[in-house]
Amino acid sequence: MARAFRNWPVKPHAAPARPMPTDDDDSTRLQSPRAAQRAAQRVQLTYALGSDGRQGPVHHPLFELLGALHDGGSISATAGALGLSYRHVWGELRRWEVQFGHALVVWNKGQRAVLTPFGEKLLWAERRAQARLAPQIEALRMELERAFADAFDDRIDVLSVSASHDQALPLLRELALAEQLHLDLEFTGSQDALRALDSGRCQLAGFHVLDGAARGSVSARAYRARLEPGHHKLIGFAQRSQGLMVAPGNPLGVASLQALQHDTLRWVGRPPGTGTRVLLEELAEQAGVALPASFALVEPSHVAAAQAVASGAADVAFGLEAAARAVGLDFVPLARESYFLVTRKSALALSAVQRLVTLLRSPAWAATLAGLPGYQAAEPGAVLALTKVLPWWTYRSARQA
């Protein structure tokens with residue numbers, strides 16, 4: 001498939017003609033034109049339809065170029081990685097320099113090509129924005145796909161799911177699509193997901209809780225009122241590892257939540273009501289330390305928190321091992337937790353729910369989980385009673401749950 005940016009117009013006479021450099025030419029320093037007052041950059045979004053199964057974040061070709069150049073260290077390596085010509089890569093970099101009024105790349109003879117400080121800042125800004133918006137973008141994409149699924153194939157079962165953000169759920173959704181089961185997935189906080197189930201806005205809710213959370217724990221206080229034995233049932237999904245995301249090599253030596261007491265560390269927080277915030281509060285309470293009065297940043301997802309640390313905007317984040325490994329961070333494990341799907345007992349008889357339970361019990365799902373760092377299969381697809389898994393209720397009627 002041709003890349004969309006090959007058709008982008010390059011305005012003639014936008015800049016004085018310059019010879020193309022070679023990768024080992026010591027004169028190949030891309031100088032920007034004199035900086036000028038420029039209007040704020042505006043963003044336009046489009047989407048494509050197809051049946052090839054490709055998906056990913058909102059795409060912009062400039063950042064694909066910058067990312068490949070950052071990794072490859074030369075124009076020729078960038079061109080090879082992206083399947084483009086050397087001339088095209090050079091021309092696009094030059095065109096964007098003219099538009100921005102800033103140099104993007106600098107080469108030194110005998111050394112790797114590197115992004116200028118502006119180029120690095122631009123690349124990290126885009127990656128952080130993508131990470132922050134990933135749940136909303138994914139929700140938008142899935143809403144569009146659901147609309148077209150309904151239009152093109154009415155044999156597909158649709159199951160609405162409101163869930164705490166998770167690395168594995170989108171993978172489950174892809175497996176389900178192959179079985180003509182569409183998971184209409186909306187990412188939100190754990191408590192908001194349970195509220196959505198309670199109000200009838202979804203058929204399944206996803207939340208996670210520390211293994212062995214006691215009756216008077218932070219987790220029990222957060223979730224008990226939203227769950228009703230005899231009315232709700234849990235469906236096993238996965239176990240996950242959460243802990244500290246830190247820079248490669250852990251240069252600051254962060255090893256435990258005692259580091260919350262160090263005023264010099266910039267921590268990434270999660271919004272109140274999210275399952276990871278509940279878990280962090282519980283672990284901090286167990287460790288006898290207080291959360292900071294305010295966090296340096298508050299990010300909406302594990303991926304966004306990891307990108308904040310990877311970009312240097314923060315020193316430490318608490319979140320999933322899978323998110324940390326995905327961006328090359330080190331990880332200090334602190335807790336194992338169980339992620340559950342919860343539904344009304346009456347919904348278990350629905351065809352879509354039965355098909356999902358069967359998929360969760362399949363070897364394909366076990367293999368998928370095995371490929372995610374920090375994830376482990378733990379009774380996937382098992383229908384579980386609340387009182388047998390979460391020891392938060394003592395009244396007699398709960399025994400019938």
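What joins the side chains of His208 and Arg240? A polar contact of 3.3 Å. By polar contact I mean a pair of N or O atoms within 3.5 Å; within protein, one must be able to donate a hydrogen and the other to accept it, and residues adjacent in sequence count only if both atoms are side-chain atoms.

Ground rules next. This is a predicted model: local features need pLDDT of at least 70, side-chain atom pairs count only at pLDDT 80 or more, and totals for chains, interfaces and linings use all residues. Residues are numbered from 1 along each chain as its sequence is written, and side-chain values use heavy atoms, with hydrogens and water left out.

Back to His208. It lies in strand S5, residues 204–210. Strands (E, at least two residues) and helices (H or I, at least four) are DSSP runs, numbered from the N terminus. His208 counts as buried, because its relative accessibility is 1%; the cut-off is under 20% relative accessible area, with a 1.4 Å probe and protein chains only. A polar contact of 2.7 Å joins the side chains of His208 and Glu337.

Now a helix pair. The axes of H5 (residues 169–178) and H11 (residues 351–360) come within 11 Å and cross at roughly 115 degrees. Axes are lines fitted to C-alpha atoms over the stretch in contact, and angles run from 0 to 180 degrees between N-to-C directions. So H5 is roughly perpendicular to H11, a class that covers 65 to 115 degrees.

Who makes the contact (heavy atoms within 4.5 Å)? Leu172, Leu175 and Ala176 of H5, with Leu356, Leu359 and Leu360 of H11.

Technical notes: Parallel < 35°, antiparallel > 145°, perpendicular 65-115°, else oblique. Contact = heavy atoms within 4.5 Å. Buried < 20%, exposed > 50% of the residue type's maximum accessible area, 1.4 Å probe, protein only.
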